[in-house]
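Dear colleague,

I am handing over the structure below, and after it I set out what was found in it. Please read the notes with the coordinates open beside them.

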Amino acid sequence: MPTPPTASVPVFKLYGETRHWPTPDLLHCESIPERSRLHDWHIRPHRHADLVHVLHVASGCVALELEGTPHRLEGPLAIVVPAMAIHGFRFSEDIEGHIVTLAQPLAEHLAHSLAEQGKALARADFHMLDRPDAARRIATLVGQIDEEYRQPAPGRTSLLEALIQALVVELSRLDTSRDERTPRSGRQQRHKGYEHLASLQALIEAQYRQQPSVESLAGQLGMTSAHLNTLCRRLADRSALQLLHERLLLEAKRQLTYTNMTIGQVADALGFSEPAYFTRFFKRNTGLSPRDFRLRQLATEAPERHAPGQAS
């Protein structure tokens with residue numbers, strides 16, 4: 001059954017959830033059963049304003065709804081769900097595989113660094129892995145991403161980026177090797193509003209450290225701030241200011257987790273005139289002060305780093 005009109009499709013923060021992005025990383029990886037079991041194997045149609053999914057179904061079946069078109073598929077296969085694409089899943093209970101989720105900054109970085117091959121992340125599509133060599137390479141890459149994501153070690157961020165780059169290249173090869181070039185998803189013509197939202201996200205990515213005003217962002221897009229906020233609330237379920245603040249918050253978490261910068265240095269790097277303003281902003285959005293957040297991250301990672309069989 002086709003999805004309802006876009007305006008009535010819920011916008012989720014992560015795979016079927018409405019909570020904030022749960023990690024300072026720009027990438028999230030988990031097994032498909034981990035999350036779908038909690039939802040009785042059924043993830044209802046929804047969309048994400050600023051996340052990209054890559055699903056690897058190693059075995060099992062999935063009823064996929066992608067941009068209004070239903071498909072019944074069996075693994076092994078790969079599914080790409082770009083930002084704003086409407087998607088839903090009903091998995092068989094014997095499903096095996098992983099879902100890799102990229103925050104928009106990482107997706108945009110890959111799109112720029114990989115040029116033509118990076119476009120594989122911008123198309124809502126699925127790929128049957130019926131060639132054993134391609135199926136093996138993709139399964140290996142996804143397995144390595146999952147292992148590295150779960151086991152913090154020196155160079156983790158660099159290795160994860162290298163692995164996800166390799167995965168995108170493999171997906172692009174699947175795209176170019178397909179015999180029939182007809183898109184397999186339903187809604188291919190995007191509303192103008194989607195283009196404006198993508199342009200806003202690009203502006204935020206380029207300017208968030210300067211904390212531009214909503215009026216400034218709207219002016220650069222050639223519209224009023226009221227029009228921009230209406231568009232953001234309709235398509236992303238957040239205001240333009242909330243989108244900017246979410247990007248600031250993500251970068252603050254990354255700096256507090258992965259650098260030795262002082263709270264004042266992080267505040268200054270993110271455009272706050274005073275560390276006290278940054279502390280209030282951070283606590284209002286996370287419930288923790290920057291210092292407490294950093295201590296919690298250190299306490300969380302310490303047992304993982306010293307667990308048996310893990311890199312130290």
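The chain contains 11 helices and nine strands, and the model is a predicted one, which should be kept in mind for everything that follows. Of the 312 residues in the chain, 52% are buried, and the accessible surface comes to about 14800 Å², with carbon and sulfur atoms accounting for 53% of that area. When contacts between residues at least 6 apart in sequence are considered, 74% of them join residues that are at least 24 apart.

Two helix pairs are described here, and helix 5 takes part in both. In one of them, helix 2, which spans residues 104–114, meets helix 5, which spans residues 192–207, with axes that come within 11 Å and cross at roughly 95 degrees. Because an angle from 65 to 115 degrees counts as roughly perpendicular, helix 2 and helix 5 are placed in that class. On the side of helix 2 the contact is made by Gln104, Pro105 and Glu108, while helix 5 contributes Gln201, Ala202 and Glu205. Sorted by class, the residues in this contact of helix 2 with helix 5 are two nonpolar, two polar and two charged.

In the other pair, helix 5 packs with helix 8, residues 240–258, at an angle of about 40 degrees and with the axes 10 Å apart. That angle makes helix 5 oblique to helix 8, and the crossing of helix 5 and helix 8 is right-handed. The residues that meet are Leu197, Leu200, Ile204 and Glu205 from helix 5, and Ala240, Leu243, Leu244 and Arg247 from helix 8. By class, the contact of helix 5 with helix 8 consists of six nonpolar residues and two charged ones, with no polar residue among them.

Is leucine 26 buried or exposed? Its relative accessible area is 16%, and because buried means under 20%, leucine 26 counts as buried. The C-alpha atom of leucine 26 is separated by 8.4 Å from that of threonine 101, although the two residues are 75 residues apart along the chain.

Terms used: Residues numbered from 1 in each chain as written. Predicted model: local features only at pLDDT ≥ 70, side-chain atom pairs only at ≥ 80, totals over all residues. Heavy atoms only, no water. Helix = DSSP H or I, 4+ residues; strand = E, 2+ residues; numbered from the N terminus. Buried < 20%, exposed > 50% of the residue type's maximum accessible area, 1.4 Å probe, protein only. Contact = heavy atoms within 4.5 Å. Areas by Shrake-Rupley, 256 points an atom, 1.4 Å probe, with all protein chains shown as cover. Axes fitted to C-alpha atoms, helices over the stretch in contact; angles between N-to-C directions. Parallel < 35°, antiparallel > 145°, perpendicular 65-115°, else oblique. Nonpolar A, V, L, I, M, F, W, Y, C, P; charged D, E, K, R; others polar. Left-handed = near helix turned anticlockwise from the far one by under 90°.
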